[in-house]
Amino acid sequence: MQVTETKNDGLSREYSITIPADDIERRVEEQLGEVGQKVNIPGFRPGKVPMKILKQRYGDSVLGEVIQQAVSESSQSAMSERELKPAMQPNIEITSFEKGEDLVYKLGVELMPEIEPVDFSTLSVTRLAPKISEEEVAQALEGIANDYRSSSPIEADRPVQQGDVVVMDFVGKVGGEAFEGGSAEDYRLEIGSGRFIPGFEDQLVGAKAGSDVEVKVTFPEEYGSEQLAGQDAVFDVKVKAIEEFQDTAIDDEFAKSLGMESLDQLKDMIRERLGSDYAELARGKMKRELLDKLYEAHDFPVPEAMIEQEFEQIWKTFEDAREKGQIDEEDKEKDDETLKAEYRDIAHRRVQLGLLLSHVGEQANIEVTQDELNRAVVKEAQRYPGQEKQVFEAYSQNPELMAQLRAPIFEDKTIDYIVEQTKVEDKEVPVDELLAGDGDEGGSAKKAGAKKAAAKKGGGKKAGAKKSSAKKSEAKKAAAKKAD
């Protein structure tokens, strides 16, 4: 084997590798000899088939296997001898080969950079602690009380209005055909709750008990079901009854009905839940601040092929968002050349930080345990009610899916390792200040994060339902859950 270096530029290396024809021929005959021990050819005993006949019958297929094996072994040998550490799968291109002649191929390699982390004790971050106000607790209490309100049939002979509960049967159709998940009986819908897709609830306002209403809606383009997204639908609705809510008294008796000893204990539970939910948000802000500072503090070369691969993923996400009209107003005014330059910078940042965190985690012997992976799978399965079994099976049978869960866990544990060594300033702030600017990735990465999030599709919800993403209401909703 002859190896000639043809390119040495930064982290990029290229080599021309030649495997002599007699080496290829020897490998072919060795493999054909093994084939001859197993095949049955009329007129010959196993193991006694002449090489000439074996070459005629199996030579081409064996040659392909030999070339693949020879390239794999020689490329690994060339990299090992030169102590090369590839950052990605090497690129191999056969440049010359004919039967009876030398095999020549090109080996392209992007190398891992030398990474020297800074002294993390020289970095400082701020850890925000949410200050839960009495107003926050009171609002969460009201949310609980609303969830536990009772309703009763209206006494007056009046039509449906905002805030009423409509008891109804409905059948949804697309193109005249009923679709799965689009029908229900005795369904109770609060008008104005926003639980159904836009336009559905509004068209029930003014209807009377016993009436039939034809509701015409269009499913949002980003709807969770690809079969329904963007489709026009008609719901045949039978309004069976109209009810109105009765206010729930917020007192000790109400708290006891939820398993609490008193209203004060219920308030303490809410305050604790809110604090826990906002603490997760605060950690995310601290993480983004740390990533900004890590990026600013390190300057090492990054493999261009990795940047290009990351950029292509970001750009595809952006184009999908742009097609759906989900990009920022400021981006609408920019041409593609400007946008690509911005997103390529983001790709550089992501790759550099990824390499840094991977290096730090490996040096610190950080590992992801099976228990941590199992908990992540359970959490993922909970996002798909009724499909938990399929989710578990998918992850157990697909190593790539499991690797996608492992990566963020490894990153978070590495971040925690770094934070332990940095200077951390704890700062108590009002919830509104904590929520300010939430959703940005921080620094130059914020745009890609926003576009990526916007392009994600919703989960498998019942047809007609929609999902809220407001952080504040989500935290209060979590806090309002009954303590078990």
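A residue is called buried when its relative accessible area is under 20%, exposed when that area is over 50%, and partly exposed in between, as computed with a 1.4 Å probe on protein chains only. The model is predicted, so local features need pLDDT of at least 70, side-chain atom pairs count only at pLDDT 80 or more, and totals for chains, interfaces and linings use all residues. Residues are numbered from 1 along each chain as its sequence is written, and side-chain values use heavy atoms, with hydrogens and water left out.

**Figure 1. Aromatic pairs of the predicted model.** Two rings of Phe, Tyr or Trp (for Trp, its six-membered ring) form a pair if their centres lie within 6.5 Å; planes under 30 degrees apart count as stacked, planes over 60 degrees apart as edge-to-face, and the rest as tilted. The structure holds 15 such aromatic pairs. In the pair of Tyr187 and Phe196, the ring centres are 5.3 Å apart and the planes stand at 50 degrees, so this pair is tilted. Tyr187 and Phe196 are both buried. The pair of Phe219 and Tyr223 is also tilted, because its centres are 4.9 Å apart and its planes stand at 55 degrees. Phe219 and Tyr223 are both buried. One aromatic cluster is formed by Phe170, Phe179, Tyr187, Phe196, Phe200, Phe219, Tyr223 and Phe235.

**Figure 2. Charged side chains over aromatic rings.** A charge sits over a ring if NZ of Lys or CZ of Arg is within 6 Å of the ring centre and within 35 degrees of the ring normal. Arg149 lies over the face of Phe245, at 3.6 Å from the ring centre. The ring of Tyr295 has the charged end of Arg349 over it, 5.6 Å from its centre.

Figure 3. Side chains of opposite charge can pair when their charged atoms come close. A salt bridge is counted where a side-chain nitrogen of Lys or Arg is within 4 Å of a carboxyl oxygen of Asp or Glu, and by this rule the count comes to 37. Arg283 meets Asp412 in a salt bridge, at 3.9 Å from N to O. This pair links distant parts of the chain, with Arg283 in helix H5 (residues 263-297) and Asp412 in helix H11 (residues 399-419), 129 residues apart. Helices (H or I, at least four residues) are DSSP runs, numbered from the N terminus. Arg283 also forms a salt bridge with Asp416, where the closest N and O atoms are 2.4 Å apart. Here too distant parts of the chain are linked, since Arg283 belongs to helix H5 and Asp416 to helix H11, 133 residues apart. Arg283 is partly exposed, with a relative accessible area of 26%; the value is 28% for Asp412, also partly exposed, and 35% for Asp416, likewise partly exposed.

**Figure 4. Further salt bridges.** Lys334 and Asp331 meet through their side chains in a salt bridge of 3.7 Å, N to O. Lys334 is partly exposed, at 25% relative accessible area, whereas Asp331 counts as buried, at 2%. Elsewhere, Asp23, Arg26, Arg27, Glu30 and Glu73 are linked in a network of salt bridges.

**Figure 5. Nonpolar cores.** A nonpolar core is a set of buried Ala, Val, Leu, Ile, Met, Phe, Trp, Tyr and Cys residues joined through side-chain atoms within 4.5 Å. The largest core has 32 residues, and those with the most contacts inside it are Leu290, Leu294, Tyr343, Leu355 and Ile418. Helix H8 (336-363) is among the elements that supply at least two residues of this core, and H8 gives the most, with 10 residues.
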